[in-house]
Amino acid sequence: MHKRIFLIAAAAFLSLVMAAQVRVTSPGTELLLDAQAGKELKVIYFGARLADADLLSVSAAGTCGCNAYPAYGMQCPSEAALGVTHSDGSLATELLVETVSQSIENGAQITRVRLKDTVYPFYVTICWRAYQDVDMIETWTEIENLEKKPVTLTRFDSGFLPVRRGEVWLSHLTGTWANEGRLVQEPLNAGVKLIKNKDGVRNSHTSHAEVMFSLDGKPQENTGRVIGAALCYSGNYELRIDTGDTDWHQFFAGINPDNSSYTLAPKEVFRTPELALTWSDEGLSGASRNFHKWARSHKMAHGDRLRKILLNSWEGVYFDINEAGMDQMMSDIASMGGELFVMDDGWFGVKYPRITDNCALGDWQVDPKKLPAGVPGLVECAKKHGIKFGIWIEPEMSNTVSELYEKHPDWVIKAPQREPVLGRGGTQVVLDLGNPAVQDFVFKVVDDIMTENPEIDYIKWDANMAIMNHGSQYLPKDRQSHMYIEYHRGFAKVCDRIRAKYPDVTIQACASGGGRANYGVMPWFDEFWVSDNTDALQRIYMQWGTSYFFPAIAMASHISAAPNHQTFRTIPIKFRIDVAMSGRLGMEIQPKNMTPDEIELCRNAIREYKEIRPVVQLGDIYRLVSPYDGLDMASMMYCSPEKDKAVFYWWKLETFCDQHFPRVRMAGLDTDKLYRVHELNRIDNVPLPYEGKVFSGKFLMDSGLEIPYGHTVDYHKQNDWSSRVLYLAAE
Ligand code: DGJ
């Protein structure tokens, strides 16, 4: 082994690294740094794990030679990750390596490179956590001011990565409320590609803070080299890809600095959120599998715990909550085999009963007229039906029509000397989570409910408003630009307290639908509500996009009514079930309005989902035919890690006469294993020709199975929808 190459020994002690080359490695991914003391920290390489032999000569092969964390001021024309106004007014920063250390913490390799400014006592420590059980490297920075006076941070990215130009394509997500997680794939050309969020509270309705770079031309699902990146932050973010006059795309990711310049007091350390980076040479699906494995093992709550099948009351009864209605819904979901009932909005408010969306947020006392026996009565009722009970809250918010607002108008976010800008219902306001008193209040909302009802199994935590007006009534005049950052520090503190006291409760991150699908949120939350749009057809597109970065176990996916309440599309129950079963299955419907046939199909689907649940929720994803490719169909599958079980999905998106779909080749199976095929949720009068037949993994992946374009059902049951779910079990 070459002397200059540092290889970390897997020991739980801190070692000071004297060498120039520093390896940051997870099993298949490597970041190689040039970290000579007194010199700039440089990126030598990022990609597949290097063989020892290549370490010697990799620099000679040609590298970016880029500064690993470019600061503004001494190379002005280049884009920078860090912008600082020093205490004497200088805008120039120049950082050189002071020390390097590596250690093992909780099984992960931690690398810390401390950089010092050449003039000022101003330091930046760049940190990497390289997991040893999954292919993911997280990076963040710790910015420390040891100057005598405050400095101002005007930009403070979490990380920077050069990506070699060539035929590089970017995959990322865009959308809006009711259409979240839409996949966009585009070649990276000259100029700046900016992906950002400024909502203040939620951050994934529109753009997402995750991207994938396909390095070998137009993105392929199961082949080609891919770099994946996810900024783990619950607040405003900015991802920039600057393609200028060099051979490298320059990728920066961090907190959005817009209106957020940060005054760093002497001795204060500013820690940026983590940027997670992965590498795969198995295409986009390969990078997704890395994200999913990392999420389930390290970056979401209870990633290894199978989720319950639930009924949520929202689309069934909206605000019309009462004891008899809740009892009926609980009875119905229990009779279909469901395991949990969640009472959504509308259960609270004494002085201002929550009968619609314009009052009572903040007044988290049960409405005694609607629910005389209170929440304990409902928990008992759930027990009677043999299921668990969950409850909806929106604890970061209030309404101007509420007892909370009457008591604490000073707790809401609003611009000084101006009336607050109001949101939902014409009365909603955002509480100032940067204020410790508000943090205590929000914690107490959860604590009170859980203390009164320790058996509550699930909390749906909603957030239905952006920060509309800039102003913290808590922060001093000269710290107003800290508002967004302090809000999310407050959010993190409250979540930490809740999880310390209630580690087991399942918590869903909902935010007007899919506003909080982000790895800055997931460590405290078990799942997110993908979208307020439950239309099965549109869900295929949204869940497809979301699956790039988030595992099925995190994606709440519910069977809802027809016509759909958002799109008014009428989709038969079979198709609605087949889509919902590709995520964390639930229901969002009034069961008493369903036909006996529909109830029976759902009962059957719930029973079958219980069989496939471990494969869907803990398995490996393989996307096969994209709904975005314009082929009028989509197909994907999940395989168990052992490759002994798999679930294959096929959905027809459009119906035309003389239509010709591709025969879908499967992926992710074991070529040598033999799989018996069984159709789930069958509605056809006759079984598929291959029902119960055995095929080799090789055949299924080389050739695949013909999927009929329609269903053989009685004439009066025919319609233009078609979908299939196949279960494959190795012999
Ligand atoms: C928005 C959420 O996304 C919905 O699921 C529902 O909980 C409503 N809020 C309730 O007001």
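1. K267 lies in the loop between β19 (262-264) and β20 (269-271). This is a predicted model, so please read every point below with that in mind. The backbone at K267 deserves a look: although K267 is not a glycine, its phi is positive, at about 75°. K267 is also exposed, with a relative accessible area of 70%, and exposed here means over 50%.

2. A second residue of this kind is A178, which is not a glycine either and has a positive phi of about 70°. You will find A178 in the loop between β12 (169-176) and β13 (179-187). Is A178 buried or exposed? With a relative accessible area of 12%, A178 is buried, because the cut-off for buried is under 20%.

3. The peptide bond between A562 and P563 is cis, with omega at about -5°. P563 is part of the loop that runs between β30 (555-560) and α10 (573-580).

4. α10 packs with helix α11 (residues 596-618) at an angle of about 25°, and their axes are 10 Å apart. The two helices are therefore roughly parallel to each other, since angles under 35 degrees count that way. The crossing of α10 with α11 is right-handed. On the α10 side the contact uses I573, R576 and I577, which meet E598, L601, C602 and A605 of α11. Sorted by class, this contact has five nonpolar residues, two charged ones and no polar ones.

5. Now for α7 and α8. Helix α7 (residues 436-452) and helix α8 (residues 483-501) have axes that come within 9 Å and cross at roughly 30°. That angle makes α7 roughly parallel to α8, and the crossing is right-handed. From α7, the residues in contact are Q439, D440, V442, F443, V446 and D447, while α8 supplies G490, K493, V494, R497, I498 and K501. What classes of residue make up the contact of α7 with α8? There are five nonpolar, two polar and five charged residues.

6. The axes of helix α4 (residues 323-335) and helix α5 (residues 374-384) come within 10 Å, crossing at roughly 25°. α4 is thus roughly parallel to α5, and α4 passes α5 in a right-handed crossing. Here E323, M326, D327 and M330 of α4 meet G374, L378, C381, A382 and K384 of α5. The class count for this contact is five nonpolar, one polar and three charged residues.

Terms used
Residues are numbered from 1 along each chain as its sequence is written. This is a predicted model: local features need pLDDT of at least 70, side-chain atom pairs count only at pLDDT 80 or more; totals for chains, interfaces and linings use all residues. Side-chain values use heavy atoms; hydrogens and water are left out. Axes are lines fitted to C-alpha atoms, for helices over the stretch in contact, and angles run from 0 to 180 degrees between N-to-C directions. Helices (H or I, at least four residues) and strands (E, at least two) are DSSP runs, numbered from the N terminus. Angles under 35 degrees count as roughly parallel, over 145 as roughly antiparallel, 65 to 115 as roughly perpendicular and the rest as oblique. A crossing is left-handed if the near helix is turned anticlockwise from the far one by less than a right angle, and right-handed if clockwise. Contact means heavy atoms within 4.5 Å. Ala, Val, Leu, Ile, Met, Phe, Trp, Tyr, Cys and Pro count as nonpolar, Asp, Glu, Lys and Arg as charged, and the others, Gly among them, as polar. Buried means under 20% relative accessible area, exposed over 50%, partly exposed in between (1.4 Å probe, protein chains only).
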